[in-house]
Amino acid sequence: MELSSDFKKCCILYEVLQKNEIYKSYEKFCDTVGKKAMDFSDFKFWFYEFRDSDYDRSADIEPLTLVDMPVVLKYHILYEVLQKKPIFESYRTFCDAVGKDAMEYSDFEFWYYRFFHGNRDLDYDRSADPVPKTIMDMPVQLMHKITGNLDPVERTFLRSINHAIKTVADSFPPVFEKIEITVSSTRMQWILNNKLFACYKRGSGCIIKKPNSSKREESEECYIENGIEHLALVLKIPNIQVNHFSLEVSDETLNLNDLLPVPLNAKSVSICGRSTNQIVQSLSVMNPGHLEKINIEMENSREWHDYRRIFETDQFKHAKSVDFEKAMFFTVADLVKFSHLKSFKCHLRSENPFEDVPRIRDILSSCEELESCELDYVDALDNRAIVTFAMALGAEIPIEPLAPFERLTITHRYQIPESKQCLEFKLHDGMFYCRVNIAKLR
């Protein structure tokens, strides 16, 4: 089909609707329809005619000398085909230019492939064509097979299509390897398995970034509210299970009831918050019968006296392993609360090491479930903690000189009375603290 004058004008109009710059538009126009198709002076005339006439694509009035609107849209599709772009990319460009309601994807697909295969009859009457099939005409077994090949993130989006497809998607166990959520004063981001989503604050609204897309959506909604709405589509899936759940919150005012609206079945959880309230509130969402490992970090060390509220949660009481990160110091008396754990890590402060170290040894000896633990130990004597700890433990301190940059390491075994088991202490010099790795040898 010879490229008509109307087609060329429609191509220029399409460039204007995409808000492209004139020189870039002319370069693309020449690459697509040929350098001899139109001189730049004529292209420039029509470009500014369309741009400055405030062309209304919904109006019934024919734009300048152009043909009727359905033909204009078909010319736009032909222009996309001639650029040899993939159909999905072409349809996104088409919708951005003329509006998402201008043409359904099924109609766009029909004309795209018709032009692609060389048939450029714009007057083809589709009324006699059979009714196109939709996804709902697909056999249920095939739908199950396709859905089964999707990952949990992809199946999440299927749930919002219609009730029938939601039922198929929900027939597969919603098990995520990891869900990681980060909330700050400028952004909220979440990772579902290996897919990153984010909402960035922009004035009173936000910019939304989704995986596998270079485009960023804009919204007038608050970035946290928008992020919570998107995340709720995942967290509210019935019987959702997560191998590792992570939450980091640096906003003290955030209401976690909105962020975590339903209980979660997580095997492992990491929580970093600004207050004990945030930590306890986040922990309370986790199903204690499912949770095995807890990692807790708190940035506000002024709340050290309030840490013990964590011990009272069912989640802590039923866990098998707990790690308390930096700035959270406990006393020797607190170790009794760890007696049900198989492993744990914490920071320990002692006022009297020669009383406290034997108590540490005796408390850990009585912990029947204990397999190993790690203590970052500091004392009030302002000495080298490793030497003080070793002396209080009754361990032999090496007298051999250390090589340059070598740190002192001490190993000591303690036989548990009336038992074949023993505790192995490995002390590592951290200068102002002593890292104590303890293993129960059975």
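**Entry 1: the largest pocket.** I looked up which element gives the largest share of the lining of the largest pocket, and H5 does, with five residues. I note here that the model is predicted. The volume of this pocket is about 1000 Å³. I found 23 residues in its lining, and those closest to the centre are Arg-92, Lys-100, Lys-210, Ser-213 and Glu-217.

I then listed the elements that supply at least two lining residues each: helix H5 (87-98), helix H8 (152-158), and the strands S3 (195-202), S4 (205-209) and S5 (216-219). By residue type, I wrote down eleven nonpolar, ten charged and two polar.

Where does the largest pocket lie? I place it between domain 1 (5-117) and domain 2 (173-327), because both give residues to its lining.

**Entry 2: the second largest pocket.** I read a volume of about 440 Å³ for this one. Its lining has 18 residues, with Leu-17, Gln-18, Thr-93, Asp-96 and Ala-97 nearest the centre. Helix H1 (5-17), helix H3 (40-52) and H5 each give two or more residues to this lining. H5 again has the largest share, five residues. I noted six nonpolar, six polar and six charged residues. Domain 1 (5-117) and domain 2 (173-327) both contribute to the lining, so I place the second largest pocket between them as well.

**Entry 3: the annotated stretch.** I checked the UniProt record, an unreviewed entry, which places "domain: F-box" at residues 132-179. Over these residues I read 50% helix and 10% strand.

Definitions and conventions: Residues numbered from 1 in each chain as written. Predicted model: local features only at pLDDT ≥ 70, side-chain atom pairs only at ≥ 80, totals over all residues. Heavy atoms only, no water. UniProt positions renumbered as here; feature names shortened; annotations may be inferred. Helix = DSSP H or I, 4+ residues; strand = E, 2+ residues; numbered from the N terminus. 1 Å grid on protein atoms, 1.4 Å probe; cavity = no way out; pocket = protein on both sides within 12 Å on 5 of 7 lines; lining within 4 Å. Points joined across faces, edges and corners; volume = space filled by probe spheres on them. Nonpolar A, V, L, I, M, F, W, Y, C, P; charged D, E, K, R; others polar. Domains from an automatic or database assignment.
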